[in-house]
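Take a guided walk through the fold shown below. Keep the coordinates open as you read.

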Amino acid sequence: MKYRRLGKTGLKVSEIGYGTWQLANDPNMWVGADLSESLRSLHKYVELGGNFIDTAWVYGYDEASPDRHPSEELIGKFLKESGKRDDIVIATKVAPKNWKWPAWQGIPVDEVYPEERIVGCVEDSLRSLGVDYLDLVQFHVWQDEFAEHDGWKQTIARLTKEGKVKNWGISVNDYQPSNCLKTLDTGLIATVQFIFNIFHQKPTEKLLPYAKQNDIGLIARVPLDEGGLTGTFTRETVFENGDLRKRFFAGKRFDELLARTDELKKLLGSEAETLAELDLRYILSFDEISSAIPGMRKTRNVVANAGLSDGRKLSGELLKRLQEHVWERNFYSDVDPSMKSTSYLGV
Ligand SMILES: NC(=O)c1ccc[n+]([C@@H]2O[C@H](COP(=O)([O-])OP(=O)(O)OC[C@H]3O[C@@H](n4cnc5c(N)ncnc54)[C@H](OP(=O)(O)O)[C@@H]3O)[C@@H](O)[C@H]2O)c1
């Protein structure tokens, strides 16, 4: 496994990180996780040199058990079993108090991140993970206009001083990679997490150059387009009820996905043998990226993805050809307008 610098945090993280949204299931988003397989996958990941785990207060949250944080708790179990807490960089997220993904323009910051929300989530995460400090805490939605307000700045300064949180990051709204640049100018934020894959190349326009110049750690989320870029879906694929992919690839989008992945498969060969490999190598071909964090519950996916971290980058020629495969989808205007203010995909 190769390691990269996580921007000004100074931490060294494995370039294949571990996404855990689905690790312990998530109501109406992810179904089908076998928790013992998930636990084995975490052990395998660390055995293969992985050291960067991304989770969130909200992953697995169920209104029926509001004090439970299933993804963090399973990671906590793993940390206890492995005894490797200090070797692993743990990133989690503070959930917006108003439960709205994404944060829409004009929303008052006090409705999203009042002091008690930030502190409450951090305390819960420390407890669920069974740790006494968090390496990175990310805001789970963001609007750059929050940069003008001082409340959250004072709260994060206090939590940092208390030693509970080492570094702070922003997980930007879906498909809005630059909706954080004014906030980054404050110098208080060390990392940005954002969607990045062959279909969504917009981050290369502004965010990557900014990060390079300002030593911001970059975390590439949804690297496999929720599975769309693994090349494993076929016309026979049926998503279960409660699987977010049923909505993500609804209607015409599924046929379009298959047509697009058929085209991408024509580029497979000596540089990448599978679509997942092509896509993850695409992401890691950018030096600005600190880590790509595929969501994984299966040991075989951990082994396949970790095996790609060998320092081999795609050729300039292939990277250029991949520019023709951009597919920007805006779910928030594409779906029923009543979905606009609710969580559609964003957690
Ligand atoms: N707003 C936010 O902050 C936000 C939003 C979304 C995601 N995230 C973070 O980013 C992480 C990654 O995003 P994601 O999990 O939504 O999507 P993703 O990584 O694009 O796709 C995850 C899916 O790909 C499958 N997969 C992984 N490696 C594979 C391989 N080599 N071959 C075939 N299939 C493979 C996984 O299967 P199995 O699960 O069966 O192993 C999983 O179903 C999340 O887990 C979470 O940590 C953050």
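**The largest pocket**

In the largest pocket, helix α11 supplies the largest share of the lining, 4 residues. The model is predicted. The lining as a whole takes in 47 residues. Nearest the pocket's centre lie Gly 227, Thr 230, Arg 245, Gly 295 and Asn 301. The elements giving two or more residues to this lining are α10 (275-284) and α11. How much space lies in the largest pocket? About 1000 Å³. The lining can also be read by class: 18 residues are nonpolar, 16 are polar and 13 are charged. A general idea stands behind such a search. Rolling a probe the size of a water molecule over the atoms shows where empty space is left.

Next comes a helix that meets α11. The buried residues of α1 pack against α11 (299-306), and also against α2 (70-82). Three strands complete the list of partners: β2 (12-14), β3 (18-19) and β4 (52-54). Which residues of α1 are buried? They are Glu 37, Ser 38, Leu 39, Ser 41, Leu 42, Tyr 45 and Val 46. An α-helix has 3.6 residues a turn, so residues three or four places apart point the same way.

Helix α1 covers residues 35-47, which is 13 residues. Just after α1 comes Gly 49, with a positive phi of about 105 degrees.

Step back to the loop between β3 and α1. Gln 22 sits in this loop. Is Gln 22 buried or exposed? Its relative accessible area is 7%, so Gln 22 counts as buried, the cut-off being under 20%. Beyond its sequence neighbours up to four places away, Gln 22 touches Trp 30, Ala 33, Gly 295, Met 296 and Arg 297. One of these, Gly 295, is also among the residues nearest the centre of the largest pocket.

Asn 25 is found in the loop between β3 and α1 as well. Asn 25 is not a glycine, yet its phi is positive, about 65 degrees. Its relative accessibility is 22%, so Asn 25 counts as partly exposed.

Glu 226 lies in the loop between β9 and α8. With a relative accessible area of 8%, Glu 226 is buried.

Backbone geometry has one further entry. The peptide bond from Trp 101 to Pro 102 is cis, with omega near -5 degrees. Pro 102 is in the loop between β5 (89-94) and α3 (109-112).

Now turn to the aromatic rings. A pair of aromatic rings is described by the distance of the centres and the angle of the planes. The whole structure holds 27 aromatic pairs. For Phe 239 and Phe 249, the ring centres are 6.1 Å apart and the planes meet at 25 degrees, so the pair is stacked. Phe 239 is in the loop between β9 (217-221) and α8 (245-248), while Phe 249 is in the loop between α8 and α9 (252-265). The two are 10 residues apart. Both Phe 239 and Phe 249 are buried.

Ring pairs also build a cluster. Its members are Tyr 113, Phe 139, Trp 142, Phe 146, Trp 152 and Trp 168. Leu 188 touches two of these, Trp 152 and Trp 168, together with Lys 153 and Ile 156, not counting residues up to four places away in sequence. Leu 188 is placed in the loop between α6 (181-184) and β8 (191-195). At 36% relative accessibility, Leu 188 counts as partly exposed. Leu 188 and Asn 167 are 21 residues apart in sequence, and their C-alpha atoms are 8.7 Å apart.

End at Gln 138, in strand β6 (residues 136-139). Its relative accessible area is 0%, so Gln 138 is buried. What is Gln 138 in contact with, leaving aside its neighbours within four places in sequence? The partners are Asp 54, Ala 91, Thr 92, Lys 93, Val 94, Gly 169, Ile 170, Ser 171, Gln 193 and Ile 219. Glu 328 is 190 residues from Gln 138 along the chain, and 25 Å separates their C-alpha atoms.

Terms used
Residues are numbered from 1 along each chain as its sequence is written. This is a predicted model: local features need pLDDT of at least 70, side-chain atom pairs count only at pLDDT 80 or more; totals for chains, interfaces and linings use all residues. Side-chain values use heavy atoms; hydrogens and water are left out. The expected span of a helix is 1.5 Å times one less than its number of residues. Buried means under 20% relative accessible area, exposed over 50%, partly exposed in between (1.4 Å probe, protein chains only). Contact means heavy atoms within 4.5 Å. On a 1 Å grid over the protein atoms alone, a cavity is a set of points where a 1.4 Å probe fits but cannot get out, and a pocket is an open set with protein on both sides within 12 Å along at least five of seven lines; lining residues have an atom within 4 Å of a point. Grid points are joined across faces, edges and corners, and a volume is the space filled by probe spheres set on the points. Ala, Val, Leu, Ile, Met, Phe, Trp, Tyr, Cys and Pro count as nonpolar, Asp, Glu, Lys and Arg as charged, and the others, Gly among them, as polar. Rings of Phe, Tyr and Trp (its six-membered ring) pair if their centres lie within 6.5 Å; planes under 30 degrees apart count as stacked, over 60 as edge-to-face and the rest as tilted.
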